[in-house]
Amino acid sequence: MFVTLAGILAVIGAVAGAYYYAMRPVTLRIAVGPANSDDVRVVQTLTQAFIQARSQVRLRPMQTDGALASANALAEGKADLAIVRGDLDVPKNAQAVATLRKNVAVLWVPPQARVKGKKAAPKITKIVQLAGRRVGVVGRTQANVNLLKVILKQYGVDPNKVEIVQFPAHEAADALRNQKADAYLAAGPVNSKITADAIAASTRDGGVPTFLAIDSAEAIAQNHPVYEASEIPAGTFGGSPAKPEEEVKTIRFSHHIVARKGVSESTIATFTRQLFAVRQTLKTDFPLAAQIETPDTDKDAVLPAHPGAAAYVDGEEKTFLDRYSDFIWWGLMALSAMGSAGAWFAGYLKKDERSNNSSLRERLLDMIAAARRSDSTEELDRMQAEADDILRDTLHCFEGGAIEEGALTAFNIALDQFHNAVADRRALLMSMSQSLQRAGAQFRATGTL
């Protein structure tokens, strides 16, 4: 009984331990940067939201110098997740989990300042007119410079003939006021405050900036699949008159949340589910969260989706039983096989005991015949003592599992027959002894038998 109870408790403990291991909170390291960027704020907000909701998957932010450094951290296995720019070299082991936001390229020319006695330079209205001019790029990342070069090459403008100057985001307004460039490029969400502030700083003397349309956006997207054709709606940057006054064609690229290929499918599926559940509750207080979108799950997508994220998006996320039913089934089969093997091995170890007990039973049967032929009670007493030893050994074998109940029953029958034979023979010997005693007494008394 105690062995059975211990076995049941062991099974319950193993099941409880396996369930705790499977359902314990998992912490994923996410690389994001640079400091004070929108990406960092989004990740910090998600981290706190997951903690407050006691979610199964938690985040541990790893701050980097930018999207390129985050991509390298993922490629080197230092991070499980990363925020990367789609137009940079994405690591080969990266798979999309979600689209964090879509950024558009904004090219504009500030109104020219009026200087007495100085002839104004020709007004820039097209991208091809940027040759020989100075173009300011908002942001210190090289990716924005590469973006400008892609646009210039599409229009046949040699980037080497354009002077490119970069300004940190917080210095963009001063650069515009001091006319440090003839045209400017900014990349960010359509509602980016950085871009809006830079364009607002471009307004001077009642003049409004001129927005340069990227009419070849579809051709750029065809040649560079990481980009997409897009539009900047009229009035996006406010003001009166509206900036821009008309819809402007442009290109856009995505910032992705990517996962390392080796991360568990079920973990990423759970993270994706949590991400979009939290997005709904955060978008009121944190508008950037509303821009999070599901990844492209098509097989020919530029950035393939992680199987876990694709399972969530396509409604094919596996339940606990779906994930572990095979392990449970094979575990039960293995336990059954191990039990059978254990029983066989235990029986094999008790083979000698069974063989010895069989010989003792045969000896008991021989003693039945010997008891019926015995001529003295001393011999019967000796056989009785031997039978007691055989009984003791048989009971030990039964308790140890060497013999089964059927064998014990057969032994019982043989033992009863032995006891009957001894009793009968003992009674016969006592009767014969008494007869001899009476005959002797009669002979002594009468001299005749």
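Student: Is Trp108 buried or exposed?
Tutor: Trp108 is buried, with a relative accessible area of 0%. Bear in mind that this is a predicted model.

Student: How many aromatic pairs are there?
Tutor: The count comes to six aromatic pairs. One of them is Trp108 with Tyr184: the ring centres are 5.8 Å apart and the planes are at 25°, under the 30 degrees cut-off, so the pair is stacked.

Student: Where do Trp108 and Tyr184 lie?
Tutor: Trp108 is in strand S4 (residues 94-109) and Tyr184 in strand S7 (residues 183-188), so the pair ties together parts 76 residues apart in sequence. Tyr184 also counts as buried, at 1% relative accessibility. Ring pairs link Trp108, Phe167 and Tyr184 into a cluster.

Student: What about Phe276 and Tyr312?
Tutor: Their ring centres are 6.0 Å apart and the planes are at 15°, so that pair is stacked. Phe276 belongs to helix H8 (residues 265-282) and Tyr312 to helix H9 (residues 307-313), so parts 36 residues apart in sequence are tied together. Phe276 counts as buried at 7% relative accessibility, whereas Tyr312 is partly exposed, with a relative accessible area of 25%.

Student: Switching to H4. What span should its 13 residues have?
Tutor: At 1.5 Å a residue, helix H4 (residues 142-154) should span 18 Å, and its end C-alpha atoms are 19 Å apart, which agrees.

Student: Which residues in H4 are buried?
Tutor: Ala143, Asn144, Val145, Leu147, Leu148, Val150, Ile151 and Leu152.

Student: And what sits at the ends?
Tutor: At the start of H4, a side-chain oxygen of Thr141 reaches to within 3.2 Å of the backbone nitrogen of Ala143. Gly156 follows H4, and its phi is positive, near 75°.

Key. Residues numbered from 1 in each chain as written. Predicted model: local features only at pLDDT ≥ 70, side-chain atom pairs only at ≥ 80, totals over all residues. Heavy atoms only, no water. Helix = DSSP H or I, 4+ residues; strand = E, 2+ residues; numbered from the N terminus. Expected span 1.5 Å × (residues − 1). Buried < 20%, exposed > 50% of the residue type's maximum accessible area, 1.4 Å probe, protein only. Polar contact = N/O pair within 3.5 Å; in protein donor to acceptor, adjacent residues only side chain to side chain. Phe/Tyr/Trp six-rings, centres within 6.5 Å; stacked < 30°, edge-to-face > 60°.
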